[in-house]
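Work through the exercises below with the sequence and the model side by side. Try each task before reading its solution.

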Amino acid sequence: MIHLTTPRTLLLATALAALAACGTTPEEDTSTPAATEAAVPAPPKKPSLEGLPGMPPVLDPEDVYAADRPNNLSRAVKDVPSRVYVPNSESDTVTVIDPKTYEIVDTIRVGRQPQHVVPSWDLKTLWVNNNRGHTLTPIDPRTGKAGKPVDVHDPYNLYFTPHGKHAVVMASLDRELVFRDAHTMKRVKTEPVGCYGVNHADFSLDGRYFIVSCEFSGELLKVDTERMKVVDQRKLPFEGAMPQDVKLSPDGKRFYIADMMADGMWVLDGDTFEEPTLLPTGKGCHGLYVSRDSREMYVSNRGEGTVSVFDFTRNKVTRKWHLPDGGSPDMGGVSADGKVLWLSGRYDDEVYAIDTRTGTQLARIPVGSAPHGLAVYPQPGRYSLGHTGVFR
């Protein structure tokens, strides 16, 4: 039997087809979960990048920090209270500050000589690096309570590989990079290094290698992430160089390495690993923190109580903020909304809150003795690469 299509049924079919093309059918759900909805439009799709196997895909090859937009918090940190965790190296404590009131809300007793507070790769734990106590103290950021310490030798600093498999302990005095299970902290591989004072690092855009600074011998290392092996090493071209924090440029083409003795940042092509050039910032250049729009980087100059503002596109320092009563700005991080830069005052037993729009000091808070690598938490991003908060 042949079924004839009447004008009426044809009109109905056409209308249904138009609706299907313009709208969402009942079975589809294209809404974004509230906990992960970005505060700004999602970045445009870019050509795919072949990253380290198992690593979350790069959102934007032209901006490695595309996931770090203001208040773009992961579901993993939903309902985590906003706090600033300050490790006091000579008090063996962590001071906890409420960033809304600038008041101290808790003091946590930890191991000997805590150096940095480090967010785990999965964002669920804050690890306190007790350098001379040879332990890591876990803190639950939801409750602010410390758990049972884990035995880890010489944990000056801590990083996580981009695929989330391994923690990398910067065993500064042991002269080792120790790769451990990212969750249990069981040792997986120990990589001896030919330099002295491994302390800070950052990973390439594709996650396949990372650059490490060696503070006491003035050297840099290039490490293959998957092989967990040092593949290159070079001496910095400055007598008495003392490299500190390491940060990748948004486009992934350059690494910046703070040097507190050269009073500036070394600019390095990580792929070629050729001799870097020096870009002056200020006396005691120490910590490097990228703004939430990926346009600028805040550079703490510990030796002169200032913060330099570096413009990535213009490749120059455009402003310098002076703390009104001096100080020793060291390590820290940017608030989730990007409006406040938090830094420890290493030699003044205090913490500074600085307005990122004007450079105005918003607060100066007394804490314990020798505050160091403070962590602002939570922060935007899908996962943590370690230190005081390197998120992607």
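This is a predicted model: local features need pLDDT of at least 70, side-chain atom pairs count only at pLDDT 80 or more; totals for chains, interfaces and linings use all residues.

**Exercise 1. Salt bridges**

How many salt bridges does the count come to?

*Solution.* Side chains of opposite charge can pair when their charged atoms come close. The rule asks for a side-chain nitrogen of Lys or Arg within 4 Å of a carboxyl oxygen of Asp or Glu, and by this rule the count comes to 18 salt bridges.

Step 1: To sort the partners we need the cut-offs: under 20% relative accessible area is buried, and over 50% is exposed. Arg-69 has 17% relative accessibility and so counts as buried, and Asp-63, with a relative accessible area of 9%, is buried as well.

Step 2: Asp-92 is buried because its relative accessible area is 17%, whereas Arg-112, at 34%, counts as partly exposed. The pair also belongs to a network of salt bridges that links Glu-90, Asp-92 and Arg-112.

**Exercise 2. A sheet of four strands**

In what order do the four strands E13, E14, E15 and E16 form their open sheet, and is the pairing parallel or antiparallel?

*Solution.* Strands of a sheet pair through backbone hydrogen bonds, either parallel or antiparallel.

Step 1: follow the sheet from one side to the other, and the order reads E13-E14-E15-E16, with antiparallel pairing. Strand E13 (198–203) and strand E16 (229–235) are the edge strands, each of which pairs on one side only. From one strand to the next, the twist averages 25 degrees.

Step 2: look at one pairing within the sheet, that of strand E14 (residues 209–214) with strand E15 (residues 219–224), which are antiparallel and joined by six bridges. As a landmark, find Phe-210, which stands opposite Val-223 in E15.

**Exercise 3. A covered strand and its neighbours**

How many of the six residues of strand E27 (residues 350–355) are buried? Which strands are joined to E27 by bridges?

*Solution.* Step 1: strand E27 is mostly covered, and six of its six residues are buried. Glu-350, Tyr-352 and Ile-354 point one way from E27, while Val-351, Ala-353 and Asp-355 point the other way, and all are buried.

Step 1: strand E26 (residues 340–345) runs antiparallel to E27 and is joined to it by six bridges, and Gly-345 stands opposite Glu-350 in E27. The hairpin of E26 and E27 has four residues between the strands, and in it Asp-349 takes a positive phi near 55 degrees.

Step 2: strand E28 (residues 361–366) is also antiparallel to E27, with five bridges between the two. Tyr-352 has Arg-364 in E28 as its bridge partner. In the hairpin of E27 and E28, which has five residues between the strands, Gly-359 takes a positive phi near 80 degrees.

**Exercise 4. Cavities**

How many cavities of 30 Å³ or more does a search of the whole structure find, and which classes of residue line the largest cavity?

*Solution.* Rolling a probe the size of a water molecule over the atoms shows where empty space is left.

Step 1: the search finds two cavities of 30 Å³ or more. The largest cavity has a volume of about 190 Å³, and among its 17 lining residues, Val-290, Arg-292, Gln-379, Gly-389 and Val-390 are the closest to its centre. Its lining has seven nonpolar, seven polar and three charged residues.

Step 2: the second largest cavity has a volume of about 90 Å³. Its lining divides into ten nonpolar, two polar and four charged residues.

Note on methods: Residues are numbered from 1 along each chain as its sequence is written. Side-chain values use heavy atoms; hydrogens and water are left out. Buried means under 20% relative accessible area, exposed over 50%, partly exposed in between (1.4 Å probe, protein chains only). Two strands pair if DSSP finds at least two bridges between them. Axes are lines fitted to C-alpha atoms, for helices over the stretch in contact, and angles run from 0 to 180 degrees between N-to-C directions. On a 1 Å grid over the protein atoms alone, a cavity is a set of points where a 1.4 Å probe fits but cannot get out, and a pocket is an open set with protein on both sides within 12 Å along at least five of seven lines; lining residues have an atom within 4 Å of a point. Grid points are joined across faces, edges and corners, and a volume is the space filled by probe spheres set on the points. Ala, Val, Leu, Ile, Met, Phe, Trp, Tyr, Cys and Pro count as nonpolar, Asp, Glu, Lys and Arg as charged, and the others, Gly among them, as polar.
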